[in-house]
Amino acid sequence: MAKSKFEYVKMFELADAMLPRCWPVVRVDGRSFHRFADVHKFHKPNDDRSLNLMSCAASHVMRGFKDVVLAYGQSDEYSFVFHKDCNLYNRRESKILSTVLSLFTSRFVFHWPEFFPTIPLQYPPSFDARIVLYPSRRILRDYLSWRQADCHINNLYNTVFWALVQQGGMTPAEAQLRLKGTLAGDKNEILFSQFGINYNNLPQLYRKGSVLIRRECSPVVDGGGDLSNENLAVSDVQGLNVDIIGEDFWKEHPQILGDDDNN
Ligand code: DGT
Ligand code: MG
Ligand code: MG
């Protein structure tokens, strides 16, 4: 078929293939979720409904993209780790980023009523996303450790902050002042001595975030970039609220990152 005279504009589309043999990680994060949480009356500091809805949306992303080997979520964010050798969309960055982002967002909205049956969506939420390539397993693990450490630091702060406000009768400004300059030990001490809360007894969901992996014994649905299969049940994805900073998790699940070379 004859080409139109306009075809030349394709020259302006630049190639954006990601470097080979690096681990691509897509992280999505709620846009202005501080406001979104307020408008939708999220429980403070943690709302199980929101955290579980995020994991539901993320598990559907794992179904749609078989190259995702693990996902980690906390607060309003989820990270999707693609296998270093994945060739999805010929490793085109914008294609992978945009499809993950839109699938996650549409699933979040689609499943909203299941998790918030009494609170209608007041406006459509949106998420930002980025891809970062990590050149080794060690650095990839450090990335995941960074996100889980962030979960812990924020959760400890928010737990004490809201205890001071909700149970201690402080204004948010007073609570902020009280916590200024305090270390983790001080915060644990305030929680225990003032409110009888042992931080280590709080749910792992809040302290560790959520890890999604594929069940080892069931076959992975070959969805690839083809999303036609993603309406099937998400039974092949398993959610855990465990530590991923230490060695135990990785020793227990060596298949996640594989060991085909030293990378
Ligand atoms: P951004 O990401 O720059 O557009 O701005 P935000 O407002 O989304 O800020 P971010 O992502 O740094 O922090 C997440 C916000 O989401 C934080 O202000 C608290 C809110 N949020 C997340 N999960 C929960 C929850 O379970 N309960 C409540 N009350 N708020 C939550
Ligand atoms: Mg956000
Ligand atoms: Mg965030």
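Let's start with the shell around ligand 1, which by class holds 4 nonpolar, 6 polar and 5 charged residues (Ala, Val, Leu, Ile, Met, Phe, Trp, Tyr, Cys and Pro count as nonpolar, Asp, Glu, Lys and Arg as charged, and the others, Gly among them, as polar). This is a predicted model, in which local features need pLDDT of at least 70, side-chain atom pairs count only at pLDDT 80 or more, and totals for chains, interfaces and linings use all residues. Residues are numbered from 1 along each chain as its sequence is written, ligands are numbered from 1 in the order in which they are written, and side-chain values use heavy atoms, with hydrogens and water left out.

Of the 15 residues around ligand 1, D29, S32, F33, D47 and D76 come nearest (a residue is near a molecule if one of its heavy atoms lies within 4 Å of it). Helix 1 gives the largest share of this shell, 3 residues (helices are DSSP runs of H or I with at least four residues, strands runs of E with at least two, numbered from the N terminus).

Now look at the backbone. Oxygen atoms of ligand 1 lie 2.7 Å from a polar backbone atom of S32, 3.0 Å from one of G30 and 2.8 Å from one of D47.

Next come the metals. The magnesium ion (ligand 3) has D29 (OD) and D76 (OD) as its protein donors, 2.1 to 2.3 Å away (donors are N, O and S atoms within 2.8 Å of the metal, or 3.2 Å for Na, K and Ca; water is not among the atoms, so sites may look incomplete). D29 also bridges ligand 3 and a magnesium ion, ligand 2, the two lying 3.4 Å apart. Because D29 lies in strand 1 and D76 in the loop between strand 2 (68–74) and strand 3 (77–82), the pair ties together parts that are 47 residues apart in sequence.

Definitions and conventions. Polar contact = N/O pair within 3.5 Å; in protein donor to acceptor, adjacent residues only side chain to side chain.
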